[in-house]
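The sequence and the structure are shown here.

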Amino acid sequence: KKMWIKRISFILTIIGALNWGLVGAFNFNLVTFLFGSISYLSQIIYVLVGIAAIVVAFTASCNTVPHK
């Protein structure tokens with residue numbers, strides 16, 4: 001079905017979490033390092049990671065709520 005959306009969202013969420021871990025631990029932003037601080041590509045990546053997190057949160061909550 002739409003399993004590819006869930007997989008891509010999961011991967012993007014992991015990438016975003018790792019990036020935040022790098023920022024917190026070493027003050028190193030991998031996205032900024034790779035694509036520049038104010039590039040449109042960086043903004044697109046941040047938006048995609050945010051959307052992916054919403055998809056992961058929604059699918060996780062749907063899988064844990066018992067159906068009647």
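## Leucine 30

Leucine 30 lies in helix H2. The model is a predicted one. With a relative accessible area of 34%, leucine 30 is partly exposed, because the value falls between the 20% limit for buried residues and the 50% limit for exposed ones.

Beyond its neighbours within four places in sequence, leucine 30 makes contact with Asn19 and Leu22. Isoleucine 15, which is 15 residues away from leucine 30 in sequence, has its C-alpha 9.7 Å from the C-alpha of leucine 30.

## Fold and surface of the chain

The protein chain contains 3 helices and 0 strands, and its pattern along the sequence is α-α-α. Helix H1 covers residues 3–26, while helix H2 covers 30–35 and helix H3 covers 40–64.

Of the 68 residues in the chain, 13% count as buried. The accessible surface is about 5,700 Å², and carbon and sulfur atoms account for 75% of that area. Where contacts join residues at least 6 apart in sequence, 47% of them link residues at least 24 apart.

## The nonpolar patch

Which residues form a nonpolar patch on the surface? The patch consists of Phe26, Phe28, Leu30, Phe33, Leu34, Phe35, Tyr40, Leu41, Ile44 and Leu48. Together these residues have about 1,100 Å² of accessible area. Helix H2 and helix H3 are the elements that each give two or more residues to the patch.

Tyrosine 40, one of the patch residues, belongs to helix H3. Its relative accessibility is 67%, so tyrosine 40 counts as exposed.

## The aromatic pair

The structure holds 1 aromatic pair. The partners are phenylalanine 28 and phenylalanine 33, whose ring centres are 5.3 Å apart and whose planes meet at 50°, so the pair is tilted.

Phenylalanine 28 is partly exposed at 31% relative accessibility, whereas phenylalanine 33 is exposed, with a relative accessible area of 57%.

## Asparagine 27

Asparagine 27 sits in the loop between helix H1 and helix H2. The phi angle of asparagine 27 is near 55°, a positive value in a residue that is not glycine. Most residues other than glycine have a negative phi.

Is asparagine 27 buried or exposed? Asparagine 27 has a relative accessible area of 70% and is exposed.

## Serine 42

Serine 42 is part of helix H3. Its relative accessible area is 2%, so serine 42 is buried, the limit for that class being under 20%.

The side chain of serine 42 is joined to the side chain of serine 39 by a polar contact of 3.0 Å. Leaving out its neighbours within four places in sequence, serine 42 is in contact with Val31, Phe35 and Gly36.

Notes. Residues numbered from 1 in each chain as written. Predicted model: local features only at pLDDT ≥ 70, side-chain atom pairs only at ≥ 80, totals over all residues. Heavy atoms only, no water. Helix = DSSP H or I, 4+ residues; strand = E, 2+ residues; numbered from the N terminus. Buried < 20%, exposed > 50% of the residue type's maximum accessible area, 1.4 Å probe, protein only. Contact = heavy atoms within 4.5 Å. Areas by Shrake-Rupley, 256 points an atom, 1.4 Å probe, with all protein chains shown as cover. Patch = residues over 30% accessible without salt bridge, like charges linked within 9 Å, V, L, I, M, F, W, Y side chains within 5 Å. Salt bridge = Lys/Arg side-chain N within 4 Å of Asp/Glu carboxyl O. Polar contact = N/O pair within 3.5 Å; in protein donor to acceptor, adjacent residues only side chain to side chain. Phe/Tyr/Trp six-rings, centres within 6.5 Å; stacked < 30°, edge-to-face > 60°.
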